[in-house]
Amino acid sequence: MKPVDLAKKLRRDAAFEPAVLDRGKAALMAAIQQEALPTRRPIIIPQLPYADIRAALSFLERAFGFREIPSSRMQAADGVIHHALVEFGDGVIGIGTQGAHGAVSPQSGGIESQYISVAVADVQAHYQRALAAGARIAKEPRPGGHAYEALDSEGHRWRFVHERLREVPTR
Amino acid sequence: MSSPPDGEVIGRSLGEPEAFGLIYDRHAPTLLRFLGRRVGARVAEGLVGELFRIAFERRETFDASRTNALPWLYGIGSNVLLKHRRAEARRLRASARMLAAGPAVDRRASAAALDARVLFPRVADAIETLPDPEREALLLFAWEELPYEAVAEALELPIGTVRSRLNRARARLRELIEPKGKGRNRRR
């Protein structure tokens, strides 16, 4: 017998269930869709820790208008969200798990070690929206003023300023 | 309804990524069987996913004038398999054991059965010890029954190189299976 024929004899087919092909297709199409999404590469993404990410995402949307980027959500099989990204204009912020990367939520840490300022087109309208959603106001806007500060669901401090005041010199 | 050749579909998938799903529909069953033969059904399921994800990411490099993407996909599959040499070796040995054990046979056939018991594990070992490029060429040719041109395309080699690798693989197998100066060779 020729060596190739002997090798041929060792060929053995593995039986697989038809569902394997369907699972493979579903996984591939999910990967393709992910790939097809428009992407951006922000140079800096602030990452904020929360004890309850689900509650934080809901609050940030209702009060401040930060929208979750749906495909960014990292969720475990048990439904616990570990991380997500929210966007506002061209800004992106990471909403992460408290304790991960050494970051602590002000709710348990007891201090705010930083605040983030966000440019908005209409400070008064934004303030009314935050107020209606139950945000704690840390610094009221002055009459006719162009800035206010609010605390979110876990005490992170946000400063909202009129977009005109957000200009950064180029040099 | 005429269906567009693979090259055209892959070309279209550059601007319209979902079109790549058709390449999966056309070739996934063949490649799943290919991977299954080499590493078994359980490992193959994961590998077929890896294979198509790599293919999708590299679709720009596919020569759109080719009508059939199968040899190219075999090539990606061969690379994916390299990382799973242990599973492959296990399966090959199991196949050899199964063949060698064979069903009980009558007396006349028992000599052949004895031969097989010795021979198949030896062939399996021989295939396993072939250098990767030779083993790959041999199995694409003998198990997948790809013609030389397709093996060459899959391994991105000139056809002459495929021929010489196959010849080397054959010679090595012959050597390993029939050590010089043993039994059946003496008569020659």
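These legends walk you through several close-up views of a predicted two-chain model.

This is a predicted model, in which local features need pLDDT of at least 70 and side-chain atom pairs count only at pLDDT 80 or more, while totals for chains, interfaces and linings use all residues. Residues are numbered from 1 along each chain as its sequence is written, chains are lettered from A and ligands numbered from 1 in the order in which they are written, and side-chain values use heavy atoms, with hydrogens and water left out.

**Figure 1. The two chains, element by element.**
Chain A has five helices and nine strands, while chain B has nine helices and zero strands. Of the 171 residues in chain A, 37% are buried, and in chain B 46% of the 188 residues are buried. (Buried means under 20% relative accessible area, exposed over 50%, and partly exposed in between, with a 1.4 Å probe and protein chains only.) In chain B, 63% of the contacts between residues at least 6 apart in sequence join residues at least 24 apart; for chain A, residues 24 or more positions apart account for 55% of the contacts with a separation of 6 or more. (Contact means heavy atoms within 4.5 Å.)

Rolling a probe the size of a water molecule over the atoms shows where empty space is left. One cavity of 30 Å³ or more is counted here, and the largest cavity holds about 50 Å³ of space. (On a 1 Å grid over the protein atoms alone, a cavity is a set of points where a 1.4 Å probe fits but cannot get out, and lining residues have an atom within 4 Å of a point. Points are joined across faces, edges and corners, and the volume is the space filled by probe spheres set on them.) The lining of the largest cavity is made by A:Leu10 together with B:Arg37, B:Arg38, B:Glu88, B:Arg91, B:Leu92, B:Ser95, B:Ile127, B:Leu139 and B:Trp143. Two elements of chain B, α2 (21–39) and α5 (85–101), each give two or more residues to this lining. Which element gives the most? That is α5(B), with four residues. By class, the lining has five nonpolar, one polar and four charged residues. (Ala, Val, Leu, Ile, Met, Phe, Trp, Tyr, Cys and Pro count as nonpolar, Asp, Glu, Lys and Arg as charged, and the others, Gly among them, as polar.)

**Figure 2. Helix α7 of chain B.**
Helix α7 covers residues 132–142 of chain B, and eight of its eleven residues are buried, so the helix is largely enclosed by the rest of the structure. Among the buried residues of α7(B) are B:Glu134, B:Arg135 and B:Glu136, along with B:Leu138 and B:Leu139.

Look for A:Ala7 in helix α1 (residues 3–9) of chain A. Is A:Ala7 buried or exposed? A:Ala7 counts as buried, at 0% relative accessibility. Setting aside neighbours within four places in sequence, A:Ala7 touches B:Val123, B:Ile127, B:Leu138, B:Trp143 and B:Leu173.

**Figure 3. Aromatic rings in chain A.**
Over all chains, 14 aromatic pairs are counted. (Rings of Phe, Tyr and Trp, the last by its six-membered ring, pair if their centres lie within 6.5 Å; planes under 30 degrees apart count as stacked, over 60 as edge-to-face and the rest as tilted.) The rings of A:Phe66 and A:Phe160 have centres 6.4 Å apart and planes at 50°, so this pair is tilted. A:Phe66 lies in the loop between α3 (53–64) and β2 (67–68) of chain A and A:Phe160 in strand β9 (residues 157–162) of chain A, so the pair ties together parts 94 residues apart in sequence. Both A:Phe66 and A:Phe160 are buried.

**Figure 4. Two glutamates with positive phi.**
Most residues other than glycine have a negative phi. B:Glu145 has a positive phi of about 55°, and B:Glu156 also has a positive phi of about 55°. B:Glu145 is in the loop between α7 and α8 (148–155) of chain B and is exposed, at 54% relative accessible area. B:Glu156 is in the loop between α8 and α9 (159–177) of chain B and counts as exposed, at 67% relative accessibility.

Note on methods. On a 1 Å grid over the protein atoms alone, a cavity is a set of points where a 1.4 Å probe fits but cannot get out, and a pocket is an open set with protein on both sides within 12 Å along at least five of seven lines; lining residues have an atom within 4 Å of a point.
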